[in-house]
Amino acid sequence: MSFYSSNTSEWCGVMYCEGSIRYGSEYRTPHKIFRINGYTNPNYDPNVFRLGSIIRWLNDKPRSSELKKQINNGLQLNLIGSEVFVTNLSTTAVYVAAMDAKMFNGIPIAHVLVRKLETGEKISVFDYVNFTKVLGHNVNYGIEALHKISDYCYIKVSFKDDFTYDRGLSGLEAPCWVQIELHSPREWLDRVLEAMPPIKPTTSNHALETTD
């Protein structure tokens, strides 16, 4: 199956979050170069998700001003070839959390990678080729093994402070952050799960292991 087979041209969606709460609707984009910043410019630009209006609506004026100043130029997402990159455009550091898997004797060993990005720094946060390998490996070990890789479809970026840690990527939160969902891998994983026979999942040490 081709990874790029998708029901939508909008390859990613972004949600604004404070603490454990997500606010507003998901902002979706089809553009391979996409920015997220803290401004409030009312002019619509499909290449930019401006968080300023949401922050102003949620918070009192002093805190709103503080958060918008913290985010300022924000970040840029790039879909280049088989990889997704995050570049920090802000004047302050941001924290980027994503899943990382290394192959060990043919077995993917996954863990949550949190990287502090200084101004101008760029990091690869998702690789379609790697995801294909992990998915192809885990499909042999049943539904439970496939559910373990769902976190691969999400990226989290904190604009204020490092993330507080809980179990796995889904447990990370921060005072001011965004969650980025990659739609195509999420849809692909869902299709594979729907096609799996309704039997008890296979348990094996050779399925993808997750370390916290």
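Here is a short chat about this predicted model.

Reader: Where in the protein is confidence lowest, and where is it highest?
Author: The mean pLDDT of the protein is 82, and 82% of its residues reach 70 or more. Over residues 1-5 the value is below 50, though this stretch still has 12 contacts beyond near neighbours in sequence. Residues 201-212 also stay under 50, with 33 contacts beyond four places in sequence. Going by element, confidence is lowest in strand E12 (residues 209-211), at a mean of 43, and highest in strand E6 (residues 83-88), at 96.

Reader: How many bridges join E1 to strand E2?
Author: E1 covers residues 12-19 and E2 covers residues 21-29. The two form a hairpin with 1 residue between them, and Tyr16 stands opposite Tyr23 in E2. They run antiparallel, and the number of bridges joining them is 6.

Reader: Which residue in E11 does Val14 stand opposite?
Author: Strand E11 spans residues 174-182 and pairs with E1 in the antiparallel sense, over 7 bridges. E1 is mostly covered, too, with 7 of its 8 residues buried. In E11, the residue opposite Val14 is Ile180.

Reader: Why does the pair of Tyr27 and Phe49 tie together parts that are apart in sequence?
Author: The two rings are stacked, 4.6 Å centre to centre with 15° between the planes, and both residues are buried. Tyr27 lies in strand E2 while Phe49 lies in strand E4 (residues 48-50), so the parts tied together are apart in sequence by 22 residues.

Reader: What is the angle between the planes of Tyr27 and Phe34?
Author: Tyr27 and Phe34 are both buried. Their rings sit 5.8 Å apart, centre to centre. Planes under 30 degrees apart count as stacked, and this pair is stacked, with an angle of 20°.

Reader: Which residues do ring pairs link into a cluster?
Author: The count of aromatic pairs comes to 7. The cluster is made up of Phe126, Tyr128, Phe131, Tyr152 and Trp188.

Reader: What sits over the ring of Phe85?
Author: It's a charged group, 5.1 Å from the ring's centre. The group in question is the charged end of Lys122.

Notes: Residues numbered from 1 in each chain as written. Predicted model: local features only at pLDDT ≥ 70, side-chain atom pairs only at ≥ 80, totals over all residues. Heavy atoms only, no water. Buried < 20%, exposed > 50% of the residue type's maximum accessible area, 1.4 Å probe, protein only. Helix = DSSP H or I, 4+ residues; strand = E, 2+ residues; numbered from the N terminus. Pairing = 2+ DSSP bridges. pLDDT = per-residue confidence, 0-100. Contact = heavy atoms within 4.5 Å. Phe/Tyr/Trp six-rings, centres within 6.5 Å; stacked < 30°, edge-to-face > 60°. Lys NZ or Arg CZ within 6 Å of the ring centre and 35° of its normal.
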